[in-house]
Amino acid sequence: MNWKRVGCGNVADFFSVLIALQMAPAVRQGQRFAVIATNDNAGRFPPVEPIGAGLGGCCPRCGKGRLFSGLLKVAPRCDKCDLDYSFADAGDGPAVFVILIVGFVAVGLALWTEVSFDPPLWLHFLLWIPLTLALSLVALRLVKGVLVTLQYANKAAEGRIDR
Ligand SMILES: [Zn+2]
């Protein structure tokens, strides 16, 4: 499957617009912002498609090193190109997407099962609690990877006032 330029540009543009809107009032007031360079030495590496790298849990700069050191814990740095991952701060982002997506799937399936088969309540618990837990953990890792690689690709960081 070829991920290049399918949805990634649109998602990246969406985040760029969000960041621009957030900084707009301060820029109008004449404050100067210094963009924090998280892309240092990026010129030495061929461009990495951020969504593919994020879904695969790969480094956003070299695309080869591992992004995670545990299931959901971001490693301190890339084991291949030594990129410092301290810029990575997805915050509550992954949880929001996972709640919306997994909630939609699990509740939809539970409603459909109830209406179609009218199973006993214990069967609902047996089916949907493990499914929700498993889907949430898998989706959290995928979404967190994508948000961190997009954050790197868009140089998104907390705004700082340059005095
Ligand atoms: Zn790397």
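This is a conversation about a predicted model, and about what lies behind the terms used for it.

Colleague: What makes L67 buried?

Modeller: L67 has 24 C-beta neighbours inside 10 Å. The cut-off for buried is 20 or more, so L67 counts as buried. L67 is found in the loop between α2 and α3.

Colleague: Which residues are in contact with L67, leaving aside neighbours within four places in sequence?

Modeller: They are G57, C58, C59, V74, A75, G145 and V148. The C-alpha atoms of L67 and L83 are separated by 10.0 Å, and these two residues are 16 apart along the chain.

Colleague: Why is D82 called exposed?

Modeller: D82 has 12 C-beta neighbours inside 10 Å. Exposed means 12 or fewer, so D82 counts as exposed. D82 sits in the loop between α2 and α3. D82 also has a positive phi of about 70°, although it is not a glycine.

Colleague: And D118, why is that exposed?

Modeller: D118 has 7 other C-beta atoms within 10 Å. The limit is 12 or fewer, so D118 is exposed. The place of D118 is in the loop between α3 and α4, just after α3. Its phi is positive, about 45°, although D118 is not a glycine.

Colleague: Why does the span of α4 agree with expectation?

Modeller: α4 has 33 residues, which should span 48 Å at 1.5 Å a residue. Its end C-alpha atoms are 46 Å apart, which agrees. After α4 comes K155, whose phi is positive, near 50°.

Colleague: Why is α3 called roughly antiparallel to α4?

Modeller: The two helices pack at an angle of about 150°, with their axes 8 Å apart. Angles over 145 degrees count as roughly antiparallel, so that makes α3 roughly antiparallel to α4. Residues of α3 making the contact include G93, P94, F97, V98, I101, V102, V105, A106 and A110. On the α4 side, they include H124, W128, L131, T132, L135, S136, A139, L140, V143, K144 and L147.

Colleague: What is the hand of the crossing between α3 and α4?

Modeller: α3 passes α4 in a right-handed crossing.

Colleague: Which residues of α3 are buried, and what do they pack against?

Modeller: P94, V98 and V102 are buried in α3. The buried residues of α3 pack against α4 (121-153). In an α-helix there are 3.6 residues a turn, so residues three or four places apart point the same way.

Colleague: Which residues of α4 are buried?

Modeller: R141, V143, K144, G145, V146, L147, V148, T149, L150, Q151, Y152 and A153.

Colleague: Take A153 from that list. How do you know that A153 is buried?

Modeller: A153 has 24 C-beta neighbours inside 10 Å. The threshold is 20 or more, so A153 counts as buried. A153 lies in helix α4. A153 and V48 are 105 residues apart in sequence, and 8.6 Å apart from C-alpha to C-alpha.

Colleague: What share of the chain's contacts joins residues at least 24 apart?

Modeller: The share is 64%, among contacts between residues at least 6 apart in sequence.

Technical notes. Residues numbered from 1 in each chain as written. Predicted model: local features only at pLDDT ≥ 70, side-chain atom pairs only at ≥ 80, totals over all residues. Helix = DSSP H or I, 4+ residues; strand = E, 2+ residues; numbered from the N terminus. Contact = placed C-beta atoms within 7 Å. Axes fitted to C-alpha atoms, helices over the stretch in contact; angles between N-to-C directions. Parallel < 35°, antiparallel > 145°, perpendicular 65-115°, else oblique. Left-handed = near helix turned anticlockwise from the far one by under 90°. Expected span 1.5 Å × (residues − 1).
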